[in-house]
Amino acid sequence: LAPGGNSGNPIYDFFLGRELNPRICSFDFKYFCELRPGLIGWVLINLALLMQEAELRGSPSLAMWLVNGFQLLYVGDALWHEEAVLTTMDIIRDGFGFMLAFGDLAWVPFTYSLQAQFLLYHPEPLGLPLASVICLIKAVGYYIFRGANSQKNTFRKNPSDPRVADLETISTATGRRLLVSGWWGMVRHPNYLGDLIMALAWSLPCGVSHLLPYFYLLYFTALLVHREARDEQQCLQKYGLAWHAYCRRVPYRIVPYIY
Ligand SMILES: NC(=O)C1=CN([C@@H]2O[C@H](COP(=O)(O)OP(=O)(O)OC[C@H]3O[C@@H](n4cnc5c(N)ncnc54)[C@H](OP(=O)(O)O)[C@@H]3O)[C@@H](O)[C@H]2O)C=CC1
Ligand SMILES: CC(C)CCC[C@@H](C)[C@H]1CC=C2C3=C(CC[C@@]21C)[C@@]1(C)CC[C@H](O)C[C@@H]1CC3
């Protein structure tokens with residue numbers, strides 16, 4: 001049974017899922033659903049919307065190209081680093097409940113493609129200077145997101161890897177160490193910060209006349225704040241005093257000097 005989805009509250013447990021890894025033989029439903037169907041479906045829906053725009057208006061708009069390109073990069077990155085999902089709380093702690101079943105298979109492809117859907121019905125003229133600024137925002141977000149995720153994954157796989165061996169760490173009672181310099185010394189969730197900056201870059205090509213393309217950014221902020229709180233609780237249980245020391249050393253959670 002899933003440690004995260006057996007609180008005794010039936011609504012919460014239905015949402016998070018009671019069974020940790022429902023399987024038929026070696027086929028793990030949760031692991032399969034986590035990435036491939038939803039992420040590939042999202043890219044295909046985006047592509048269909050791009051082609052529909054080309055059919056309606058002669059060619060896809062620059063804004064549509066940007067949204068498609070940015071989100072394709074995000075999905076390609078997730079699939080390229082697929083094994084990293086094995087250490088997420090979704091796989092380790094949460095059950096395969098409503099959140100992941102509905103989230104992976106329906107929510108991701110249909111709501112994450114909202115910006116491309118919006119552009120089909122509300123064409124947004126976008127000049128090259130603004131497009132360049134948006135690309136820069138995306139590049140900064142991706143640099144932080146990938147840098148932080150790769151630094152932690154490399155460190156967890158092999159702490160003496162030359163790319164991470166010089167980073168400062170603190171020891172914990174479990175024998176595992178926590179990074180306290182590099183990306184993980186800036187805030188306690190630098191990967192969330194990069195992800196949020198990228199989310200902003202996905203919405204900006206749709207202009208600022210409507211709130212709908214910013215839905216993802218708002219929902220994602222709420223999801224990450226809640227996720228960060230759950231992760232924090234789990235790390236406190238795992239690492240105890242060492243986690244308190246890390247929090248004193250790196251006081252901000254996601255955005256430096258703000259949160
Ligand atoms: N687009 C979307 O809808 C979503 C995207 N994401 C993205 O997925 C990725 C994975 O996110 P998620 O699984 O939530 O969390 P993280 O990849 O941030 O993993 C958190 C874990 O990292 C380890 N850790 C934390 N601090 C340190 C440190 N200082 N040094 C070493 N290890 C540390 C701890 O585990 P341990 O010590 O056990 O290794 C902790 O439980 C992120 O990039 C996130 O932005 C996430 C949710 C939704
Ligand atoms: C209100 C909803 C029903 C909430 C659903 C949440 C899910 C959509 C997300 C929970 C964790 C996720 C992760 C990803 C996609 C969204 C869900 C399934 C990634 C696969 C996205 C790509 C990243 O590189 C890894 C993420 C892991 C967590």
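Q: Among contacts in the protein chain between residues at least 6 apart in sequence, how many join residues at least 24 apart?
A: The share is 72%, where contact means heavy atoms within 4.5 Å.

Q: What sort of model is this, and how are things numbered?
A: The model is predicted: local features need pLDDT of at least 70 and side-chain atom pairs count only at pLDDT 80 or more, while totals for chains, interfaces and linings use all residues. Residues are numbered from 1 along each chain as its sequence is written, chains are lettered from A and ligands numbered from 1 in the order in which they are written, and side-chain values use heavy atoms, leaving out hydrogens and water.

Q: Which elements make up the chain, and in what order?
A: The protein chain has 10 helices and four strands, taken as DSSP runs (H or I, at least four residues; E, at least two) numbered from the N terminus. From that end the elements run α-β-β-α-α-α-α-α-α-β-β-α-α-α.

Q: What does the C-alpha trace span?
A: Along its principal axes, the trace spans about 60 × 45 × 30 Å.

Q: Turning to ligand 1, how many residues surround it?
A: The number is 24, each with a heavy atom within 4 Å of the ligand. Tyr-112, Tyr-192, Asp-195, Arg-227 and Tyr-239 are the closest.

Q: Which element gives the most to that shell?
A: H9 does, with eight residues; this helix covers 215–239. Helix H7 (128–157), strand E4 (177–179) and helix H8 (190–203) each supply at least two.

Q: Which side chains have polar atoms by the ligand's oxygens?
A: By polar contact (a pair of N or O atoms within 3.5 Å), Asn-191 has a side-chain N or O atom 2.8 Å from a ligand 1 oxygen. The corresponding distance is 2.9 Å for Asn-149 and 3.2 Å for Lys-152.

Notes: A polar contact is a pair of N or O atoms within 3.5 Å; within protein, one must be able to donate a hydrogen and the other to accept it, and residues adjacent in sequence count only if both atoms are side-chain atoms.
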